[in-house]
Amino acid sequence: MNGILILEQMLNGLQFGLMLFLLAAGLTLVFGIMDMINLAHGSLYMVGAYLIATISAATGSFWWGLGLGIVGAAVFGMLLELTILRRLYQRDHVSQVLGTFAILLMCNEGVRLIWGSQPLSLNPPASLAGPVELMAGFSYPAYRLFIIGVGLVVAGLLYVLIVHTRVGMQVRAGASNREMAMAMGTNVRTLFTAVFGVGAALCAVAGGMMGPLLAVQVGMGESILILAFVVIVIGGIGSIRGALLGALLVGVVDTAGRTLIPLFLNAAVGPQAASNAGPALASILIYILMAGVLFFKPRGLFPTHG
Amino acid sequence: MTKQTTFFKTLLATAAAVTALTAAAQSNEPVKVGMLSTLSGPGAGLGIDIRDGFALAVKLGGGKLGGRTAEVIVADDQASPDVGRQTADRLVKRDKVDFMTGVVFSNVMLAVGAPTFQSKTFYVSANAGPSQYAGEQCNPYFFSASWQNDNLHEAVGKTVADKGFKRVALIAPNYPAGKDALTGFKRFYKGEVASETYTQLNQLDYGAELSQLRATKPDAVYIFLPGGLGINFIKQFVGAGLSKDMTLFGPGFSADEDVIKAVGEPMLGMFNTSQWAHDLDNAANKKFVAEFEKEYGRLPSLYAAQGYDAAKLIDAAVRDTKGKLDDKAAVRKALEAAKFDSVRGAFKFNTNHFPIQDYYLRVITKNGKGQVTNRTLGTVLKGHADAYAGSCKMPS
């Protein structure tokens with residue numbers, strides 16, 4: 001086994017984990033504070049990515065696309081909250097699942113109507129398209145390093161926002177005891193809308209960052225949404241710290257599973273069987289991780305509810 | 001004259017009249033073609049090119065196929081065998097199409113085959129050519145106007161061996177055509193296989209595969225990753241700095257206009273093989289390339305060429321049977337004769353209804369106008385047939 005391979009996989013895992021965190025952060029706040037299951041969270045990720053790809057293509061600049069796309073997705077998220085989701089808070093989880101699943105389907109069809117069913121291509125800016133030599137014999141894609149950097153910065157900002165500001169205090173209060181927070185005079189309505197906007201903006205950051213690595217296409221939010229739910233269950237619903245740790249755990253385990261399991265199986269059962277079993281085993285690994293965490297800590301690693 | 005002969009004469013006359021009537025009805029009725037292709041998701045570019053190539057041939061023929069008005073029913077299989085099978089069922093049973101065509105992916109093709117062949121509808125493949133249909137499961141209703149899945153890869157295998165590469169890493173998606181691809185490659189490349197990786201057909205992030213390549217250190221990498229998969233792989237391969245240390249090879253699928261449009265200059269110098277190239281020197285091809293560029297404002301890919309040829313093959317079959325498509329034996333004979341001017345030059349069918357044709361080596365360069373595109377270097381395999389024809393016992 002060689003050191004560079006492991007190092008590179010750790011970096012890949014870190015990069016994937018941080019992107020998951022951006023998705024999970026919004027999801028966990030909405031779930032934690034409003035007790036609201038939002039299956040349309042992945043749609044915000046998709047809409048963000050489409051806006052970023054479209055604006056980038058129109059302006060010829062990735063940065064303009066990223067900036068305006070994030071604002072656009074935040075506005076879209078807040079509109080969604082103000083018009084539809086707000087009506088679902090008082091309902092039970094089944095109604096919320098049905099309602100937000102409908103929104104997810106409508107977003108997919110809407111995107112298909114506007115942009116067509118062909119994936120859009122989004123290229124990283126030219127300055128980040130090449131490799132960076134981290135040490136002799138090991139270059140790592142500059143763009144993935146950039147994603148790691150952005151992920152860390154956003155995580156830091158969120159930490160400051162949640163732990164050291166008044167709004168953050170209200171958010172935390174809302175997450176641990178909603179009734180009490182309301183009784184103490186928190187303007188929950190505005191707070192909810194703002195949290196939704198921040199969640200949507202984080203989704204758009206993730207969508208826009210992942211766009212050049214993956215493809216901007218209809219339904220891109222669904223596969224990643226499931227992982228985001230796993231992350232918030234592992235981390236503890238409503239906890240940003242838990243979301244970060246859970247996301248990194250899932251990212252590293254998923255990446256390592258995808259690489260190392262086929263590598264070992266390859267020698268044992270041949271490449272084709274290995275590639276059948278590898279991804280399956282890797283995804284099982286994540287659920288085993290989740291089951292293990294829930295067994296020892298049923299409320300997740302960092303529970304917020306009292 | 002006995003009563004009996006009168007009866008037979010009347011019968012014959014009635015039969016003739018009925019035949020004449022149906023023939024008349026047939027010539028007014030359009031030829032129906034079910035164009036079932038992948039029009040969404042990462043493989044959409046391939047299906048769209050097939051559809052556009054086919055439509056161009058129909059348009060240039062004045063909206064007709066073999067003298068009869070053409071009605072092309074376009075449907076999306078979403079690259080899913082389930083959706084493909086259901087849609088094929090609908091096309092052959094409800095819409096009663098005369099021909100089916102267009103499927104991009106071999107796993108979809110294997111699912112679409114059963115309902116199509118059961119209803120005795122002729123399938124003219126404009127892409128997928130699974131080894132199953134070339135060998136033991138060969139079928140009188142299946143015709144490939146493209147190639148057998150192994151073929152382009154066999155040509156790359158030969159090229160890589162001829163160029164003296166000793167350690168090659170292989171990557172293909174885990175589905176029937178991916179397996180065919182690496183089998184084909186290894187049939188002609190006899191050096192060391194440094195690693196053999198099968199990825200998921202919907203995979204778009206190749207971080208794990210790239211770090212394995214860095215650890216394995218092969219001197220060449222062979223990828224068969226169609227459409228969006230290849231686009232992502234090549235971008236990430238260059239982004240990871242691996243293009244300095246290893247030479248990238250691919251079949252035409254991983255290095256055609258759809259991929260070049262998305263990746264651009266990083267692809268310069270990539271070798272690939274194809275049964276067709278836009279600079280092949282024959283009259284049919286020159287017309288096709290010029291008309292395609294005029295109609296759609298982009299260079300055609302090999303998928304577009306295959307769609308165009310599929311339409312031309314159907315056109316020839318309808319023409320040579322004089323539009324009598326109910327006579328299945330005659331249609332089959334006309335398809336087998338393949339009397340059309342293929343844009344790829346020499347083309348004829350083998351006994352298993354797969355083509356015997358030439359395969360060319362191409363390299364990605366800048367052309368006179370500064371566009372990044374393929375240039376043909378020469379012929380790798382001449383009059384090449386697939387390896388499965390021997391095990392096909394075609395029912396007569």
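Which residues of chain B does the UniProt annotation "domain: Leucine-binding protein" cover? And how is strand β13 of chain B, residues 355-366, joined to strands β11, β12 and β14?

Reply: This is a predicted model, in which local features need pLDDT of at least 70 and side-chain atom pairs count only at pLDDT 80 or more, while totals for chains, interfaces and linings use all residues. Residues are numbered from 1 along each chain as its sequence is written, chains are lettered from A and ligands numbered from 1 in the order in which they are written, and side-chain values use heavy atoms, with hydrogens and water left out.

The UniProt annotation "domain: Leucine-binding protein" comes from an unreviewed entry and covers residues 30-369 of chain B; UniProt positions are given in the numbering used here, with feature names shortened, and such annotations may be inferred rather than shown by experiment. That span is 42% helix and 21% strand, and its end C-alpha atoms lie 42 Å apart.

Chain B as a whole has 13 helices and 14 strands, where helices (H or I, at least four residues) and strands (E, at least two) are DSSP runs numbered from the N terminus. Its radius of gyration is 22 Å, close to the 21 Å that the globule rule gives for 396 residues, so chain B is as compact as a globular protein of that length; the radius is taken over C-alpha atoms, and the rule is 2.2 Å times the number of residues to the power 0.38. Along the principal axes, the C-alpha atoms of chain B fill a box of roughly 90 × 45 × 35 Å. Among contacts (heavy atoms within 4.5 Å) in chain B between residues at least 6 apart in sequence, 71% join residues at least 24 apart. Of the 396 residues of chain B, 61% count as buried, a term that means under 20% relative accessible area, with exposed over 50% and partly exposed in between (1.4 Å probe, protein chains only).

Now to the strand itself. In β13(B), residues 355-366, eleven of the twelve residues are buried, which leaves the strand mostly covered.

Side chains of opposite charge can pair when their charged atoms come close. A salt bridge here is a side-chain nitrogen of Lys or Arg within 4 Å of a carboxyl oxygen of Asp or Glu, and a search of the whole structure finds 24 of them over all chains. One of these joins Asp49(B) to Arg298(B), with the closest N and O atoms 2.5 Å apart. Asp49(B) lies in helix α2 of chain B, residues 44-60, and Arg298(B) in the loop between α11 (283-296) and α12 (302-320), so the pair ties together parts that are 249 residues apart in sequence. Asp49(B) is buried at a relative accessible area of 5%, whereas Arg298(B) is partly exposed at 23%. Both belong to a network of salt bridges that also links Arg51(B) and Asp52(B). Another salt bridge forms between Arg319(B) and Asp320(B), whose closest N and O atoms are 3.0 Å apart; Arg319(B) is partly exposed at 40% relative accessibility, and Asp320(B) is likewise partly exposed at 34%.
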